Amino acid sequence: MKWSSFTPANLKEKARQGWRRWLAWRYALPAIELAELVPPDTPVAPPILDHICMPPHYYRHDHDDFTPLMQLARARQPAVIVELGTAHGNTTANLCRNCPRARVLTVNAPVEEMTGTVTTFGLRREEIGCVYRQHGFAPQVTQIYANTLHLDLAPHLGGQQVDLAIVDACHDTEYVLNDFHKLRPHLAPHGLILLHDTHPSMEDHLLGSYVACLKLRQQGFDVRWLRHTWWALWQPHWPVPPLRS
């Protein structure tokens, strides 16, 4: 690189890249395979594609986040699902299709109540969740309009425990930490929390959630990265790996 190209912006980005590489080397999340959690041939319902916002159908086509999520949901058949980050409600609709007996609570702030930096959509109240309503899943869903920083799940759960939780709202580190700790007290002993947009590359919007997961590990939570995806996962008890012969 020529001396003339060392602008403040370039230097800042170089420092950021170096910090990411150091974090990835020093504190990398341990990886887990999907096959360790669900049978690899778990079938899922044909996807609803309206306003889908998850790879490989949206943004990136080099990996699949949608199918593992639906396989986990389909295999576990959770009674209660909590999703932080409704957007247009595509993920909600697909969860309802794959888990027809589940009660789904989904949370999204209207655009005028949104805060934070790393967000995907700024939607009006009537736009939030439009997909699951259009597909007839509204009776299965409780829509909560709230900024997760101010969220209190207890009145909405009515004493029920959460079997499957998804953190996919604002991806700033402090928001991901907040969202995890808002969900954890309500998680069932067999429950699972998934944190989206989490990847060891820590490129662009993937940085905040990955750093949050590293901080959670420092706090004693065994968060793991789901290999070949942008998901991290935490559950109170991990399966014991088989003995190697």
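# Report on local features of a predicted model

Histidine 51 lies in the loop between strand E1 and helix H2. Helices (H or I, at least four residues) and strands (E, at least two) are DSSP runs, numbered from the N terminus. The structure is a predicted model, in which local features need pLDDT of at least 70 and side-chain atom pairs count only at pLDDT 80 or more, while totals for chains, interfaces and linings use all residues. Residues are numbered from 1 along each chain as its sequence is written, and side-chain values use heavy atoms, with hydrogens and water left out.

**Backbone geometry.** Most residues other than glycine have a negative phi, and most peptide bonds are trans. Histidine 51 has a positive phi, near 55 degrees. The phi of histidine 228 is also positive, near 70 degrees; this residue is found in the loop between strand E7 (224-226) and strand E8 (231-234). Proline 55 and proline 56 are joined by a cis peptide bond with an omega of about 10 degrees. Proline 56 is placed in the loop between strand E1 (31-32) and helix H2 (66-76).

**Asparagine 98.** This residue is found in helix H3 (residues 90-98). Its side chain makes a polar contact of 2.9 Å with the side chain of arginine 74, and it reaches the backbone oxygen of asparagine 94 at 2.9 Å. A polar contact is a pair of N or O atoms within 3.5 Å; within protein, one must be able to donate a hydrogen and the other to accept it, and residues adjacent in sequence count only if both atoms are side-chain atoms. Leaving aside neighbours within four places in sequence, asparagine 98 is in contact (heavy atoms within 4.5 Å) with Val44, Ala45, Met70, Arg74 and Gln77.

**Helix H7.** The 12 residues of helix H7 (residues 207-218) should span 16 Å at 1.5 Å a residue, and the end C-alpha atoms are 17 Å apart, which agrees. The expected span is 1.5 Å times one less than the number of residues. H7 is mostly covered, with 9 of its 12 residues buried. Buried means under 20% relative accessible area, exposed over 50%, and partly exposed in between (1.4 Å probe, protein chains only). Among the buried residues of H7 are Tyr210, Cys213 and Leu216. Glycine 220, which follows H7, has a positive phi near 105 degrees.

**Aromatic rings.** Rings of Phe, Tyr and Trp (its six-membered ring) pair if their centres lie within 6.5 Å; planes under 30 degrees apart count as stacked, over 60 as edge-to-face and the rest as tilted. The count comes to 4 aromatic pairs. Tyrosine 58 and phenylalanine 121 form a tilted pair, with 6.2 Å centre to centre and 45 degrees between the planes. This pair links distant parts of the chain, 63 residues apart: tyrosine 58 is in the loop between E1 and H2, and phenylalanine 121 is in the loop between strand E3 (103-108) and helix H4 (130-134). The ring centres of phenylalanine 221 and tryptophan 234 are 5.6 Å apart and the planes are at 85 degrees, so the pair is edge-to-face. Phenylalanine 221 lies in the loop between H7 and E7, and tryptophan 234 in strand E8. Both residues are buried. Ring pairs link Phe180, Phe221 and Trp234 into a cluster.

**Accessibility of selected residues.**

| Residue | Relative accessibility | Class |
|---|---|---|
| Histidine 51 | 46% | partly exposed |
| Histidine 228 | 58% | exposed |
| Asparagine 98 | 2% | buried |
| Tyrosine 58 | 31% | partly exposed |
| Phenylalanine 121 | 25% | partly exposed |
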